[in-house]
Amino acid sequence: MGYSPARGQIALAEFSGGQIVIADWRDAQPKEPNKLRPAVVVEDETLFDTAYPNVILVPLTEDQRLAIPDLSVAIDPTPQNGCTKRCYALSHCVATTSAARVRPTASRIADAELLAIRRQIALAIGLE
């Protein structure tokens, strides 16, 4: 289903919704995230072939000033997510990023947090 890679292309890592990854956004334009930073995979991995070259993410930040209350989810530290302090998933900053710029981790957010982020994305783009 969906995207098929060109012959000879390298296999990309598989990502799953709720997984925390490290995204390399260091060549961003002004006013865009411009550093190596954690992010949450928000795509439904069943919609894309594992060779699809992009992944849909929302960035994480520790800066509460960047978190719009109705469009961000507070993520408190747990052993499962590996966070060391409260951070915020910025749902309104949803972005598609090349999977080659994303490093997987073993950490993940709770299913309820992922659902809340997806609902906020729908709100931000006018679907709810």
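**Figure 1. Helix H1 covers residues 111-124 of this predicted model.** The helix has 14 residues, and its first and last C-alpha atoms lie 20 Å apart, close to the 20 Å expected at 1.5 Å a residue. Just after H1, Gly126 has a positive phi of about 85°.

Figure 2. Glu113, Leu114, Ile117, Gln120, Ile121 and Ala122 are the buried residues of the helix. An α-helix has 3.6 residues a turn, so residues three or four places apart point the same way.

**Figure 3. Ile109 sits in the loop between strand E7 and helix H1.** Ile109 counts as buried because its relative accessibility is 1%, and the cut-off for buried is under 20%. Leaving aside neighbours within four places in sequence, the contacts of Ile109 are Gly18, Ile20, Val40, Ile75, Gln80, Leu114 and Ile117. Two of these contacts, Leu114 and Ile117, are among the buried residues of H1. Between Ile109 and Pro79, the C-alpha to C-alpha distance is 10.0 Å, and the two residues are 30 places apart in sequence.

**Figure 4. The largest pocket holds about 220 Å³ of space.** The pocket is lined by 14 residues, and those closest to its centre are Pro38, Leu60, Glu62, Cys83 and Cys87. Strand E3 and strand E7 (102-108) each contribute at least two residues to the lining. Sorted by class, the lining has five nonpolar, six polar and three charged residues.

Figure 5. A disulfide is a covalent bond between the sulfur atoms of two cysteines. Cys87 is buried, with a relative accessibility of 5%. Cys83 and Cys87 are also among the residues closest to the centre of the largest pocket.

**Figure 6. Cys93 is partly exposed.** The relative accessible area of Cys93 is 30%, which means that this residue falls between the cut-offs of 20% for buried and 50% for exposed. Cys87, by contrast, counts as buried at 5%.

Conventions: Residues are numbered from 1 along each chain as its sequence is written. This is a predicted model: local features need pLDDT of at least 70, side-chain atom pairs count only at pLDDT 80 or more; totals for chains, interfaces and linings use all residues. Side-chain values use heavy atoms; hydrogens and water are left out. Buried means under 20% relative accessible area, exposed over 50%, partly exposed in between (1.4 Å probe, protein chains only). Helices (H or I, at least four residues) and strands (E, at least two) are DSSP runs, numbered from the N terminus. The expected span of a helix is 1.5 Å times one less than its number of residues. On a 1 Å grid over the protein atoms alone, a cavity is a set of points where a 1.4 Å probe fits but cannot get out, and a pocket is an open set with protein on both sides within 12 Å along at least five of seven lines; lining residues have an atom within 4 Å of a point. Grid points are joined across faces, edges and corners, and a volume is the space filled by probe spheres set on the points. Ala, Val, Leu, Ile, Met, Phe, Trp, Tyr, Cys and Pro count as nonpolar, Asp, Glu, Lys and Arg as charged, and the others, Gly among them, as polar. Contact means heavy atoms within 4.5 Å.
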